[in-house]
Amino acid sequence: MMTAALAADRYKVTLFEKNEKLGKKLFITGKGRCNLTNNSGEEEFLRNVVTNNKFLYSAINAFGQSDVMEYFEKLGLRLKTERGNRVFPVSDHSSDVIRTLEQELKRKGVNVFLNRKVDELRITDKEENGEIIHQVTGVVSGGKTYDSDVVVIATGGISYPQTGSDGDGFKFARGLGVDVTKLYPALVPVRLKDDFCTELMGLTLKNVRISFSYMKKNKKKDIYTEQGEMLFTHFGISGPLVLSGSSYLHKFKDDEILISLDLKPALSEDKLEQRIIRDFEAFKTRELKNALGELLPRAMIPFVINKSGINPDRRVNGLSKEEIKKLVYTFKNFDMQYDGLMGYDQAIITSGGISVKEIDPRTMELKKISGIRVAGEVIDCDALTGGFNLQIAWSTAYLASR
């Protein structure tokens with residue numbers, strides 16, 4: 001939609017949409033609120049791009065976060081910035097973002113075909129100065145050929161396939177001999193082997209620190225460590241912390257990955273020990289299972305005690321220094337057993353895609369075929385949560401449209 005709206009300033013544009021309406025994927029982004037960009041600078045944006053951030057220099061320079069915000073506000077969509085510089089429509093309705101783009105397509109005279117799947121891209125070979133040039137000449141849809149000088153592939157990835165993202169763009173690329181890197185679900189919940197997940201299902205933990213790491217030559221190496229919010233599900237863990245961390249995990253074997261939670265990252269081990277001793281002095285006649293309510297959500301208490309190896313029925317005034325230190329260690333190192341990532345049906349985005357080596361970063365044109373350009377998630381670029389992935393879509397759309 002963005003590519004078509006921008007390109008219509010200069011070209012006669014036709015948009016092929018295989019769904020019955022526009023913007024089905026956009027509709028569910030940001031839990032239906034549409035986190036359409038991140039109100040931060042270029043450096044912050046590039047820091048949050050996990051894969052091939054240098055490829056995006058030209059795109060983000062040409063059409064950055066402030067440009068996107070200005071674009072939508074000029075079209076009458078009022079925006080607001082929330083925690084973490086995340087930008088949403090004031091209405092909190094993703095449908096308003098879709099409506100804004102639809103109205104702009106109509107105003108610009110873009111010809112929109114709904115329920116229209118593209119079956120193939122038409123390529124013509126011609127000789128120029130003794131060299132064979134592959135040139136796109138149109139698309140085939142519903143048995144008809146539609147002539148075109150430029151075709152932009154903006155079909156998304158393969159996550160949330162029910163929205164129409166089922167890998168068409170990758171199929172087109174492979175059919176043209178263009179390299180598509182290995183695909184993985186990204187920004188996706190994590191499965192755990194631990195049984196306690198079902199009992200903690202629905203519990204949200206705020207201000208905790210999660211660490212994903214792996215063992216190499218008997219040394220623990222960090223993969224991702226961050227502080228924020230997460231939640232337990234019936235199969236494992238999810239929430240912003242986990243989704244962001246998941247984008248780094250597909251590079252490692254499942255049995256190598258270690259997960260640890262720091263339940264009190266704001267307190268050092270010494271400070272936490274002092275705090276626990278203070279609480280135990282106030283609750284000295286209580287059993288351990290009834291003395292941690294000031295420090296932990298009630299549902300977490302039995303599992304923390306169990307991991308510490310201390311009898312939950314012990315009175316706290318009878319605990320030794322060593323036992324309190326064990327408790328402190330468990331608070332700061334609550335380990336969980338990794339069992340893999342959930343699938344594309346729960347992944348917000350797809351990691352991998354058309355190789356950036358195949359694309360001119362200044363125009364988004366494929367190097368092998370003249371006239372074919374690419375935009376958005378179909379490219380092998382992905383980022384963390386917070387509006388960065390939609391910003392990649394808008395920025396690459398801008399270059400593709402020029």
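Visitor: On what basis are the values given?

Guide: The model is predicted, local features need pLDDT of at least 70, side-chain atom pairs count only at pLDDT 80 or more, and totals for chains, interfaces and linings use all residues. Residues are numbered from 1 along each chain as its sequence is written, and side-chain values use heavy atoms, with hydrogens and water left out.

Visitor: Why does D92 fall into its accessibility class?

Guide: D92 has 26% relative accessibility and therefore counts as partly exposed. D92 is found in the loop between strand 5 and helix 6 (94–108); its phi is positive, about 65°, although D92 is not a glycine.

Visitor: What makes K31 exposed?

Guide: The relative accessible area of K31 is 85%, so K31 is exposed. K31 lies in the loop between helix 2 (24–28) and strand 2, and its phi, near 55°, is a positive value in a residue other than glycine.

Visitor: What makes a run of residues a helix or a strand?

Guide: Helices (H or I, at least four residues) and strands (E, at least two) are DSSP runs, numbered from the N terminus. Helix 5, for instance, comprises residues 65–74.

Visitor: How do you know that the buried residues of helix 5 lie on the same side?

Guide: The buried residues are Q65, V68, M69, Y71 and F72. They cover an arc of only 160° around the axis, so they lie on the same side of helix 5; the arc is that of the directions from the helix axis to the C-beta atoms. The face turned away from the buried side carries the exposed residues S66 and K74. Helix 5 is followed by G76, which has a positive phi near 95°.

Visitor: What makes strand 2 and strand 5 a pair?

Guide: Two strands pair if DSSP finds at least two bridges between them. Two bridges join strand 2 to strand 5 (residues 86–89), and these strands run antiparallel. In strand 5, R86 is the bridge partner of N38.

Visitor: What makes strand 2 and strand 4 edge strands?

Guide: Three strands form an open, antiparallel sheet in the order 2-5-4. Strand 2 (37–38) and strand 4 (79–82) each pair on one side only.

Visitor: What is called a contact, and which residues does T37 contact?

Guide: Contact means heavy atoms within 4.5 Å. Leaving aside neighbours within four places in sequence, T37 is in contact with residues including Q65, V68 and M69 of helix 5. Also among its contacts are R86 and Q391.

Visitor: What makes a nonpolar core?

Guide: A nonpolar core is a set of buried Ala, Val, Leu, Ile, Met, Phe, Trp, Tyr and Cys residues joined through side-chain atoms within 4.5 Å. The largest has 67 residues, and those with the most contacts inside it are L36, F72, I354, I379 and W394. Helix 13 (residues 388–401) contributes the largest share of this core, seven residues. Apart from it lies another core, of 52 residues, among them V208, I210, I276 and I301.

Conventions
Buried means under 20% relative accessible area, exposed over 50%, partly exposed in between (1.4 Å probe, protein chains only).
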